[in-house]
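Here is a short tour for anyone who likes to see the geometry behind a picture. Have the viewer open and follow along.

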Amino acid sequence: MISTLAFGVAALLGLIVIPLIIRTWGVTEFGLIVISRLLLPSGMMAVLDLGLSEVATQIVARAREHRDWMQASRQIVLLSTISIVLTLILSAAIWLLTPLFVIVMKVDAAHLESFTRIMHFTSVANLIFVPGLVWEGVVKGFERYNLLRFAEVTSTAAYLGLTFVASLMAAGFEVVAYIYLATLVARAIVIGIAAFVALRHKHVRMLPWTPDIRQDILHRCLLLLQGKLMGGVSGPFQPFLIGLLFGPKGVGTYDALVRLSRVSKIVVSLLTSALLPVASRLDERGSTTSFQRLGDLGLIVTPMLVVPPLAAAAILSPEIMRIWIGPLLAPYAFWMGLSFLVPICAQYVAIGSLIFLTRPDVQARLNGLMAAQLLVWAVVSAATLHQFAERALILGQVVGSIAILPWQLNQLRSALELNRNRFAKSVGTQFAILALASAFLAIIAGYIQFDSVLKLALGSTAFCLITWVLQYFMVLEKRHRTIFPAVGQLMGLTSRSN
């Protein structure tokens, strides 16, 4: 909850800055800023980060369970060494390949010098950002999400405030990129200090790794690299591909269309990321029943809570686009609505996929399904590229996500050993309720103008409340409903006697 609420605020601030950048500097300049961020660990470079953060989280979480901090010391030293080697390679490659990158991204002469400087600063900043993934994973392993999200909100607020000042001063667009890098560097340093203090408290020290540790860590990193490469091609890689095909303006258009749905997906993924250390500790402890219950709740309860707001945003996308961006991209509002189907599908497998990072055999099978999803994306996108330009990649993502979702659900259900008929009934009823409620909201939107933030909020809230109530009584079983009073007790909202 800390992660979702805090990053929700950060995401809202990030969404506010987009129309500010577009109105001050233009769509092309916004596209150049987006392209420069592709080469950060939060962008396209995420596909090459070897899962450093996730592996570090598992190392610390398991160490908290088995108390063998000497073994954890050897593992963290190896992981830190891998991060240093990786960051040196990536930073050098970005610096040396900048002239080629400028050409393939079709950067015009007016922006050439500024964009080149941005790339050089980005390569230097990555010297901190890549090892910072290990630091962040360590803090997650200790479950200090309050610190992580405080740093996230603070850095985003600083970025928004300084960007607003830059717009008032009529500074060049490259200043926005520098501000973004500076706030991220400050965030990484704060998290690095926190990780160092936490490890020092556990007497973690520099110890050489053993061959068994090297084999285990590299195996986990390679499995995560495999999944990230396939996920990245249908995610962070797409703006890069659009830049190759259509230039900065196409990147700016695409990013504006998918930004809201992508942010919503990230917000929810932060909620699930808090469960990785929990799943690692349960797996280390051998608590099979608790592990199964965690996965069951993730497959049923998480979509029940998260999908209705996403569905409401998809239906009301034309109104959201007009209020958020303005008339400039209003004709493309349909594509923004369509893009929400990607995070909707992702919610059904988000927690299941995350907790099975602790079990390489299941993770390998899920990676295979991701490869099939990538193949569908490539075929659909290539077939419609001439007709829909950058929007064809949105269509490919949607078709691929919907086509592979049943197989992903079945794989997770099987791994968790859930009853097939009961699971199919729960998911099918959930789909039916959401489909009927979405159709009803679309009909209402044809008669009522949602032309203000207040009207959008009221309409979306009513839609969510209705679908939540229907799902609570028609989808959830008794074992699912017990989670709500349990959470209330943990938060002090209800007494244990209730």
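## Two helices side by side

At roughly what angle do the axes of helix 4 and helix 5 cross? The answer is roughly 170 degrees, with the axes of helix 4 (residues 69-104) and helix 5 (residues 109-141) coming within 8 Å. Helices here are DSSP runs of H or I with at least four residues, numbered from the N terminus; axes are lines fitted to C-alpha atoms over the stretch in contact, and angles run from 0 to 180 degrees between N-to-C directions. Helix 4 and helix 5 are therefore roughly antiparallel (angles over 145 degrees). Their contact involves 16 nonpolar and 9 polar residues, and no charged ones. Ala, Val, Leu, Ile, Met, Phe, Trp, Tyr, Cys and Pro count as nonpolar, Asp, Glu, Lys and Arg as charged, and the others, Gly among them, as polar.

A word on the basis: this is a predicted model, where local features need pLDDT of at least 70 and side-chain atom pairs count only at pLDDT 80 or more, while totals for chains, interfaces and linings use all residues. Residues are numbered from 1 along each chain as its sequence is written, and side-chain values use heavy atoms, leaving out hydrogens and water.

## A salt-bridge network

The structure holds 10 salt bridges (a side-chain nitrogen of Lys or Arg within 4 Å of a carboxyl oxygen of Asp or Glu). Among them is a network that links E136, K140, E152 and R187. R187 pairs with E136, with the closest N and O atoms 3.6 Å apart; this joins helix 7 to helix 5 across 51 residues. R187 also meets E152 at 3.0 Å, N to O. Since E152 lies in helix 6 and R187 in helix 7, that pair ties together parts 35 residues apart in sequence.

Are these side chains buried or exposed? R187 is buried at 12% relative accessibility (buried means under 20%, exposed over 50%, partly exposed in between, with a 1.4 Å probe and protein chains only). E136 is buried at 14%, and E152 is buried at 14%.

## Another bridge

R64 forms a salt bridge with E143, the closest N and O atoms being 2.9 Å apart. R64 belongs to helix 3 (residues 52-66) and E143 to the loop between helix 5 and helix 6 (145-168), so the pair ties together parts 79 residues apart in sequence. R64 is buried at 18%, whereas E143 is partly exposed at 29%.

Key:
Angles under 35 degrees count as roughly parallel, over 145 as roughly antiparallel, 65 to 115 as roughly perpendicular and the rest as oblique.
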